[in-house]
Amino acid sequence: MEILNLSLPATNRFASNYLQQSTSVMPFFHYSYNDANESLNRLSELSDRPFPRNEVAQHIEQFMKPYPSSKAVTNSLDKLKQQNSVVVIGGQQAGILTGPLYSIHKIISIIKLAEQKEKELGVPVIPVFWIAGEDHDFQEVNHVYIPVNEKIDKWTYPEKVWQKKMVSDIQLDKEVCLSWVEKVIEMFGETDYTNMLLEFAIEQLNRSTTFVDFFANIIMELFKDDGLLIVDSGNPDFRQLQKEFLVRQIEHREAITSSLLKQQQEIEKQGFPITIDSSEHAANLFYYDTKHQERILLEYNHDNDRFVGKNGAISFSKQDLVELASSNPSVLSNNVVTRPLMQEWLFPTIAFIGGPGEISYWAELKQVFEHFQIKMPPIVPRLNITFLDRSVETDLAELNLSLSAVLQSGTNDARNKFLESIVDKEIDGLFSAARDQLVKQYKEIEAKTVEVNRGLLPLLKKNEAFLLKEMTFMQTKLEEAVKLKHDVILKKFSRVDLALRPNGHPQERVWNIFAYLNQYGLTFIRDLMNLTYTFDGSHKVIKL
């Protein structure tokens with residue numbers, strides 16, 4: 001394996017500007033991500049703030065007991081209890097079989113940056129992955145994509161979830177899940193590693209009872225030797241640590257929303273779109289109806305000074321919510337605005353690892369953080385990675401394609417130019433002339449038909465259309481025969497797109513890590529972890 005660093009734009013304009021640390025976006029952040037002095041400044045800021053390190057460490061230790069562990073994990077827990085420790089943190093939803101590749105890339109980013117920061121700062125730095133188990137959008141986590149006949153096939157986990165359940169509460173039917181996982185792995189194709197991978201998946205499934213369990217068991221088995229710690233935002237015990245902070249959010253609802261809206265106005269003035277959908281009615285909290293297992297977004301009703309949800313079916317006074325937060329915090333959860341705040345209050349964060357979308361919405365939170373007299377952590381762009389197989393690299397060379405161009409926009413332009421170059425102009429000319437001649441002759445026949453029997457005109461038009469259609473059919477068949485002569489080259493275009501830019505999307509947003517584990521074995525993760533990464537905003541192409 002080797003890494004090739006490329007300068008590519010991010011998937012949104014704001015994040016692209018941030019990668020370059022452009023003056024157009026930096027006023028929306030408290031720190032630069034690529035300045036060593038900024039890490040020292042952040043460390044100094046954190047040293048002046050209290051954090052519930054012991055309570056959080058004890059919770060994580062208890063939470064992680066069922067999952068694969070190692071001496072490195074124990075060391076990380078010990079480090080977290082130390083008063084000068086800090087964390088590198090990031091999070092993602094619990095996708096089945098870990099979801100798209102970017103979840104794995106984010107975990108690698110967290111671990112590798114934590115290693116670098118510990119050497120750089122001389123203090124304990126712990127990698128922490130925040131599983132967004134409180135999220136209720138099951139449709140985002142219940143599928144993987146598989147390459148089938150040079151196309152993308154979406155494989156959805158067959159069990160249905162109709163309520164807006166938190167993913168942490170979604171139980172797995174092990175028999176159904178096992179059958180589905182076996183079929184998915186089978187679809188990747190049999191290799192020397194397939195049986196071992198299947199055994200690995202079955203072992204993690206047998207340990208699991210929920211979607212989050214299955215996700216956590218897989219990533220901890222893959223990354224336990226790197227000292228990774230995990231938390232689940234949907235875990236009720238974790239919410240117990242958040243009581244006072246939930247109360248603070250409720251009491252400062254108006255200021256949080258006002259600060260967000262003001263910051264969004266400033267961003268819009270610079271010509272950037274807004275990421276977080278909000279209004280003056282936003283409560284920035286969800287209520288979990290445990291009876292119906294439904295997560296309900298709360299809004300603030302100014303007319304009656306109450307927090308309401310589900311078109312008024314759920315209603316709380318501010319005092320009701322404060323008491324609920326203190327006595328039963330597991331029924332309250334954060335939204336996109338308050339989750340970063342909660343994370344910041346619980347963890348001494350030296351760096352937050354974020355994707356392009358996260359970079360955009362964190363920028364909208366600057367004044368929210370300032371309201372509480374704290375700063376946002378340095379937002380470090382997660383490693384954007386593309387895996388480049390040798391066979392695909394060979395196809396790129398033979399097609400004379402630019403890797404950077406393909407990663408940004410696929411092969412469509414190059415493929416169309418090639419198709420134009422192989423079109424038989426003579427065929428097109430012959431059929432064009434034949435069509436013109438046919439239309440001309442039928443005009444003469446039409447004139448004669450009007451003289452003889454006008455009632456036959458519809459039949460004549462139908463006959464003309466039929467002949468033109470048959471000409472087009474024959475021309476298409478001949479053009480396909482020409483393409484077939486160049487089928488080997490056209491398939492190379494398809495292979496490149498499928499590997500690097502499937503359906504016009506970045507590889508990391510479509511393919512799943514299990515496809516690569518099946519191809520290269522379970523040691524594939526160790527090989528990735530042994531590489532040296534620079535957090536400079538460049539795109540990492542890893543040659544396999």
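The lining of the largest pocket first: 18 nonpolar residues, 18 polar and 12 charged. By class, Ala, Val, Leu, Ile, Met, Phe, Trp, Tyr, Cys and Pro are nonpolar, Asp, Glu, Lys and Arg are charged, and the others, Gly among them, are polar.

This is a predicted model, so local features need pLDDT of at least 70 and side-chain atom pairs pLDDT 80 or more, while totals for chains, interfaces and linings use all residues. Numbering runs from 1 along each chain as its sequence is written, and side-chain values use heavy atoms, without hydrogens and water.

Back to that pocket. Its volume is about 1400 Å³. A pocket here is an open set of points on a 1 Å grid over the protein atoms alone, where a 1.4 Å probe fits, with protein on both sides within 12 Å along at least five of seven lines; lining residues have an atom within 4 Å of a point. Volume is the space filled by probe spheres set on the points, which are joined across faces, edges and corners. There are 48 lining residues, and Gln-93, Asp-135, Glu-140, Val-336 and Tyr-361 are closest to the centre.

Next, the second largest pocket. Its volume is about 620 Å³. It has 23 lining residues; Pro-147, Leu-498, Ala-499, Tyr-516 and Gln-519 lie nearest its centre. The classes are 15 nonpolar, five polar and three charged.

Last, Glu-251. Its relative accessible area is 47%, so it is partly exposed (between buried, under 20%, and exposed, over 50%, with a 1.4 Å probe and protein chains only). Leaving out residues up to four places away in sequence, Glu-251 touches Lys-318 and Val-322 (contact: heavy atoms within 4.5 Å).
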